[in-house]
Amino acid sequence: MTFQSRIQRASSYQSVAKESRVLAADPYELVAVLFDELRETLDLMIESARRDDDARIYKYRGKALAILGGLDESLNFEAAGDLAQTLHIVYTEAAKRIQMDGKESCIERVESAREMIHEIEKAWESIAPYN
């Protein structure tokens with residue numbers, strides 16, 4: 001088995017594991033999965049920026065923006081009121097930081113977006129019913 005085929009097999013196993021987690025998840029768990037996936041994607045974006053790998057930066061940027069969009073679309077403004085509005089502002093700001101061009105500060109901007117999201121993720125984990 002070649003190195004490349006081992007990588008592909010490992011990637012397939014990871015995909016199946018993530019898919020299984022999503023299929024078995026309740027709404028709270030689904031949001032936790034999105035936060036986890038977003039954190040992982042932002043880490044990969046930072047790593048790609050450190051290697052000057054523009055193709056991967058754009059790939060991970062697109063994925064991160066899609067996840068942020070999903071989180072934002074899931075907000076219930078009627079039920080959550082000010083909290084939903086605050087989360088909307090944070091998600092929008094994180095997206096702006098991720099979208100900005102300029103390699104010289106890409107890493108710092110994505111790191112700051114990751115930190116913003118991490119604070120929300122920690123709060124989410126503390127109120128989730130499965131804790």
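Tutor: In this predicted model, a residue is called buried when its relative accessible area is under 20%, and exposed when that area is over 50%.

Student: Which exposed residues does the face of α3 turned away from its buried side carry?
Tutor: The buried residues of α3 are Ile-57, Tyr-60, Arg-61, Ala-64, Ile-67, Leu-68 and Leu-71. These cover an arc of only 135 degrees around the axis, which puts them on the same side of α3. The face turned away from that buried side carries the exposed residues Ala-55, Lys-59, Ala-66 and Glu-73.

Student: How many helices and how many strands make up the secondary structure of the protein?
Tutor: From the N terminus on, the elements run α-α-α-α-α-α. The total is therefore 6 helices and 0 strands.

Student: What distance separates the end C-alpha atoms of α3?
Tutor: Helix α3 covers residues 54-73. At 1.5 Å a residue, its 20 residues should span 28 Å. The distance between the end C-alpha atoms agrees with this and is 28 Å.

Student: How far does α2 reach from its first C-alpha to its last?
Tutor: Helix α2 has 24 residues, and 34 Å is expected at 1.5 Å a residue. The reach in the model is close to that value, at 35 Å.

Student: Is Ser-48 buried or exposed?
Tutor: Ser-48 is found in helix α2. Leaving out residues up to four places away in sequence, Ser-48 touches Asp-53, Arg-56, Ile-57 and Tyr-60. Its relative accessible area is 1%, so Ser-48 is buried.

Student: Which residues is Thr-41 in contact with, leaving aside its neighbours within four places in sequence?
Tutor: Thr-41 also has its place in helix α2. With a relative accessible area of 1%, Thr-41 is buried. The residues in contact with Thr-41 are Tyr-60, Lys-63, Ala-64 and Ile-67.

Student: Where is Asp-52, and what is its phi?
Tutor: Most residues other than glycine have a negative phi. Asp-52 is not a glycine, yet its phi is positive. At 53% relative accessibility, Asp-52 counts as exposed. Its place is the loop between α2 and α3, and its phi is about 55 degrees.

Student: Which residues of the largest nonpolar core touch the most other members?
Tutor: This core has 28 residues. The residues that touch the most other members are Phe-35, Leu-38, Leu-68, Leu-71, Tyr-91, Ile-98 and Ile-117.

Student: Which helix supplies the largest share of the lining of the largest pocket?
Tutor: About 480 Å³ of space lies in this pocket. Of the 20 residues that line the pocket, the closest to its centre are Leu-75, Leu-83, Leu-87, Tyr-91 and Trp-124. At least two lining residues come from each of α2, α4 (77-80), α5 and α6. The largest share, 6 residues, comes from α5.

Student: What percentage of the contacts with a separation of 6 or more joins residues 24 or more positions apart?
Tutor: The protein has 131 residues, and buried residues make up 30% of them. Among contacts with a separation of 6 or more, the share from residues 24 or more positions apart is 57%.

Note on methods:
Residues numbered from 1 in each chain as written. Predicted model: local features only at pLDDT ≥ 70, side-chain atom pairs only at ≥ 80, totals over all residues. Heavy atoms only, no water. Core = buried A, V, L, I, M, F, W, Y, C linked by side-chain atoms within 4.5 Å. Buried < 20%, exposed > 50% of the residue type's maximum accessible area, 1.4 Å probe, protein only. Helix = DSSP H or I, 4+ residues; strand = E, 2+ residues; numbered from the N terminus. Expected span 1.5 Å × (residues − 1). Arc of directions from axis to C-beta. Contact = heavy atoms within 4.5 Å. 1 Å grid on protein atoms, 1.4 Å probe; cavity = no way out; pocket = protein on both sides within 12 Å on 5 of 7 lines; lining within 4 Å. Points joined across faces, edges and corners; volume = space filled by probe spheres on them.
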